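Visitor: Hi, could you walk me through this one? I'd like to start with the pockets and then move on to a sheet.

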Amino acid sequence: MRIILLILLILSVLCSKITDSNNSIIVKPSVCFYKNSEPITPEFINKIIITVTFENYVIKDTFNFNAHKGTIKSLIPKNTPFTLELEAFDIKSLLIYHSGKLDYPGFAEDATVRIEANQVTPTLPENLTIKFLPDSVIILLWQDNSDNEEGFIIEKNVPDTNRFITIDTVDTNVFIDTLPINNTSVYQYRIMAFNSVGKSPFVSIPFDPKETVSTPEKPISNNEIFYINVAYAFKTELATCKNGHPAEYQFDWGNGTLSDWLSKPISSYTWDKNGTYGVKCRIRCSKSKYIDIVSSWSKVLNIKVINR
């Protein structure tokens, strides 16, 4: 019991020393943020922690970020050397800015001190894009906005869930994913830069591997007059499937006759009867496992075939 009372007595003395306003000053930090030695108005900051150390005391104050100025007021004994340290965190409590430990000689009256905090974690990557190549090869590309990163963490969600797993780390702004994918699931990739201090926020992009094809343009011909028993060529615009696979083309000649599936967007036909015919086309994916994915028919090109 005597030991407990003695500890309480010591604590009360220490607290009275710190909070004695007659013998203390208020230090108000003015915070400036820097990136690559250039002053900036930072983004992504959610809270700031300033640690004040003097004699054998350590005081931590937390406050919400407000532009370049803090609202902290730390009571420090007059003419007592002290140290300030600033840490700025994002909404996920990731460290972004750090001042290091700044030493001050002590002041006889209230003072405002300048704290310069430098970005220590990498900047958010931007402009994440995705390319899907044949044989299910996925290429991710992004813009590197940092000069202090050690690499990039690549994460991918477990199919049809919000749970992410790390699939690789790279030191360039390109990643090639050759892992198997499920063509019925929607995926999400996300990229974040990292270094020894921490990580940047992440940038993400969805990816749907399900193949689709668009409706082709209406066929065109270089001819304006069409005669029976003469072959005429028709073409449409070159097309690709959503995931980059080549397309195949089929023409409907307006008389119940269809062309074969063709690798090029051009075909010829000869009518043996005069009349008006509607020529149209459609496309499908040439890759065997998507061959049943066929577009709608294009708009119709009406032509009139006549006798010579």
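**Pockets and a sheet**

Guide: The largest pocket holds about 240 Å³ of space. A pocket here is an open set of points on a 1 Å grid over the protein atoms alone, where a 1.4 Å probe fits, with protein on both sides within 12 Å along at least five of seven lines; the volume is the space filled by probe spheres set on the points, joined across faces, edges and corners. This is a predicted model, where local features need pLDDT of at least 70, side-chain atom pairs count only at pLDDT 80 or more, and totals for chains, interfaces and linings use all residues. Residues are numbered from 1 along each chain as its sequence is written, and side-chain values use heavy atoms, with hydrogens and water left out.

Visitor: Which residues lie nearest the centre of the largest pocket?

Guide: Glu 43, Phe 44, Tyr 97, Gln 119 and Thr 123, out of 15 lining residues (those with an atom within 4 Å of a point).

Visitor: And how does that lining divide?

Guide: Into 8 nonpolar, 4 polar and 3 charged residues.

Visitor: What about the second largest pocket?

Guide: That pocket has about 190 Å³, and its lining divides into 5 nonpolar, 1 polar and 5 charged residues. Among them are Asp 90, Lys 92, Glu 155, Arg 190 and Lys 199.

Visitor: Now the sheet. What is the strand order?

Guide: 12-11-14-15, in an open sheet of 4 strands with antiparallel pairing. Strands are DSSP E runs of at least two residues, numbered from the N terminus, and two pair if DSSP finds at least two bridges between them.

Visitor: Which strands are at the edges?

Guide: Strand 12 (164–170) and strand 15 (203–207), each pairing on one side only.

Visitor: How many bridges join strand 14 to strand 15?

Guide: 5, with strand 14 covering residues 187–194. Gln 188 stands opposite Pro 206 in strand 15.

Note on methods
Nonpolar A, V, L, I, M, F, W, Y, C, P; charged D, E, K, R; others polar.
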